[in-house]
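Try each one before you look at the solution.

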Amino acid sequence: MLRLRLPSAWPRASHARPFSRSSTPYSGHNKWSKIKQRKGAEDAKKSILYGKAASDILAAARNGGSPIIEENSMLATAVRRAKDAGVPKENIENALLKAFKRKNNNGQAVTYEAMMHGSVGIIMTDNVNRTLSNVREVLNRHGARQAPVKFMFRQRGYLKIALDPNDIEDLFNTAESTQCAFDFDEWEDDSSGSRGIELACSPDELFKLEDGLRQYIQQNDNAEILVREVRWAPLEEQGSTDDEKDSVSNLVEALEEDEDVTCVSTSLEYSSLLGNA
């Protein structure tokens, strides 16, 4: 019988690759960078959401006539929507506190105008008790300056109503019966699934239009006025870079942090609904 003798140890190949314990350079760094970028994007979205919720609460307190939830159905709606959207309790309470302080401040309202990036108009409604030097300080810190910009805007009455899509035609017909001249558009909130209609009119006809819709809304369980206000609306759509949008947004946030500021509008907030002549 033929027998094979196996070697006690296999010879090492001359081209064998030496063992290395080093990991891929910067792999951990790249992973952490991606996490930070994703977290930064999520934080930015939350900041926009929280800021919008605070603005809605302040507007509802102002337009509904009271900073007390039990006395103001518009404010109750704004607070409920903020909670449903995941806005922290602390943010909601801070917005309510700011609304309460504004209500107790009986100072006369005054309008300031400013320019940023040479073409972006900004209009803010403030309390006359606030000194002009404080306004200038905030503007200067963000690279803006006082300048006449009202020619870039016009005032428009605005109603935002939550409504079942099947009832939009009925509400539209009711609005027409008020004989007010108005523009309208449908809206939808992807985050909450809410839908409804927006109406824009002359500021002088806002009360008449709302009053004409009140009975219909009260009789419709699915209808609710979310926003009622007079806005400074840009006349034209304005192009801008992402950096310009970010810096303008930072300025608006800084202005709205002050207790006396009641409204801030910019020429970047063009809406075909509000901009219609």
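This is a predicted model: local features need pLDDT of at least 70, side-chain atom pairs count only at pLDDT 80 or more; totals for chains, interfaces and linings use all residues.

A crossing of two helices is called left-handed if the near helix is turned anticlockwise from the far one by less than a right angle, and right-handed if clockwise. Helices (H or I, at least four residues) are DSSP runs, numbered from the N terminus. Residues are numbered from 1 along each chain as its sequence is written, and side-chain values use heavy atoms, with hydrogens and water left out.

**Exercise 1.** Work out how the axes of H5 and H6 are arranged.

*Solution.* Step one: the axes, lines fitted to C-alpha atoms over the stretch in contact, come within 9 Å. Step two: they cross at roughly 140°, on a scale that runs from 0 to 180 degrees between N-to-C directions. Step three: angles under 35 degrees count as roughly parallel, over 145 as roughly antiparallel, 65 to 115 as roughly perpendicular and the rest as oblique, so H5 and H6 are oblique to each other. Step four: their crossing is right-handed.

**Exercise 2.** Decide whether Thr 174 is buried or exposed, and find what touches it.

*Solution.* Start with its place: Thr 174 sits in H5, residues 168-176. Its relative accessibility is 17%, and buried means under 20%, exposed over 50%, partly exposed in between (1.4 Å probe, protein chains only), so Thr 174 counts as buried. Now skip neighbours within four places in sequence: Thr 174 is in contact (heavy atoms within 4.5 Å) with Gly 212, Leu 213 and Tyr 216.

Technical notes
Helices (H or I, at least four residues) and strands (E, at least two) are DSSP runs, numbered from the N terminus.
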